[in-house]
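Subject: Structure handover

Hello,

Here is the structure I promised to pass on. Please open it first, then read the notes below.

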Amino acid sequence: AGPDVVVNVFMSYNPATKKVKLKLFAAFGSDNGGMNFNGGSRGMLTITVPEGWAVHVDFQNKDAIPHSAIVLADKMPLPMAPDRPAISRAYTKDLTAGIPTDGTDTMDFTASPAAKYLIVCGVPGHGPSGMYITFVVSATAKVPEYLK
C-alpha cells in the first residue's frame, strides 16, 4: 500500500488505503485557557478528510481536568452536554464525565456524509466555552488537509 504521507505531528494518511490517522490532544498548550484541541479552539483549526475515507483518531487528554471528543454538525449554539455524534462511532468514551489527565481513547469511523462538522469536547459546558475545531468531510478533496 506504500508509505504513509506525514502532513504534520497531528496527521498522516495513506492514499492507497484511503485511511487517515489523527492525533487529537485536549489542552495542547494554553490557547483558550487549555480548552482546545491540538492548540486550536473556537473552530480556528480545520481538518479536512475526503468523503468515504477511514478515520482513526488517537485521543489524549493533556489537561488537569477531564475532556472528551465528539463529532457534531456545525450548528450554533453548541449543546451544553452533547450525546449524539453526527457521524456513527465518532466519539470518545466517558463523553460527559471526560477522560482524566493523560488518559487516552481511540475513535474509528468513516468520513461520511460530506458536510461541515465540529470536533467538540463533550464535557458539559466545554464546547460552548470554545473547545471545538472544524472537521470537514469533503466530496471534492483528493487527500486530507490540516490547516491552522
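Start with Leu24. Leaving out residues up to four places away in sequence, Leu24 touches Phe37, Asn38, Val57, Asp58, Phe59, Gln60, Ala69, Met107, Ile119 and Ile133. Contact here means heavy atoms within 4.5 Å.

A word on the source. This is a predicted model, in which local features need pLDDT of at least 70 and side-chain atom pairs count only at pLDDT 80 or more, while totals for chains, interfaces and linings use all residues. Residues are numbered from 1 along each chain as its sequence is written, and side-chain values use heavy atoms, with hydrogens and water left out.

The overall fold

The protein chain has zero helices and 10 strands. Both are DSSP runs, numbered from the N terminus: helices are H or I with at least four residues, strands are E with at least two. The radius of gyration is 14 Å, close to the 15 Å that the globule rule gives for 148 residues, so the chain is as compact as a globular protein of that length. That radius is taken over C-alpha atoms, and the rule is 2.2 Å times the number of residues to the power 0.38. The C-alpha trace spans about 40 × 30 × 25 Å along its principal axes. Of the contacts with a separation of 6 or more, 67% are between residues 24 or more positions apart.

Buried residues make up 47% of the 148. Buried means under 20% relative accessible area, exposed over 50%, and partly exposed in between (1.4 Å probe, protein chains only).

The cores

The largest nonpolar core has 34 residues. Such a core is a set of buried Ala, Val, Leu, Ile, Met, Phe, Trp, Tyr and Cys residues joined through side-chain atoms within 4.5 Å. Leu24 is among those with the most contacts inside it, along with Phe37, Ile47, Val55, Phe109 and Phe135. Strand 3 gives the largest share, five residues. Another core, of seven residues, lies apart from it and includes Leu78, Leu118, Val120 and Tyr132.

The aromatic pairs

There are six aromatic pairs. Rings of Phe, Tyr and Trp (its six-membered ring) pair if their centres lie within 6.5 Å; planes under 30 degrees apart are stacked, over 60 edge-to-face, and the rest tilted.

Take Phe10 and Phe25. Their ring centres are 6.2 Å apart and their planes at 65°, so the pair is edge-to-face. Phe10 sits in the loop between strand 1 (5–8) and strand 2 (11–14), and Phe25 in strand 3 (residues 19–26), 15 residues apart. Phe10 counts as buried at 10% relative accessibility, and Phe25 at 13%.

Now Phe109 and Phe135. Their centres are 5.9 Å apart and their planes at 70°, so this pair is edge-to-face. Phe109 lies in strand 7 (residues 104–110) and Phe135 in strand 9 (residues 132–138), so the pair ties together parts 26 residues apart in sequence. Phe109 is buried at 4%, and Phe135 at 1%.

Phe10, Phe25, Phe28 and Tyr146 form one aromatic cluster.

One polar spot

What does the side chain of Asp4 join? Asp4 lies in the segment before strand 1 and is partly exposed, at 33%. Polar contacts join its side chain to those of Asn14, at 3.2 Å, and Lys21, at 3.1 Å. A polar contact is a pair of N or O atoms within 3.5 Å; within protein, one must be able to donate a hydrogen and the other to accept it, and residues adjacent in sequence count only if both atoms are side-chain atoms.

Best wishes
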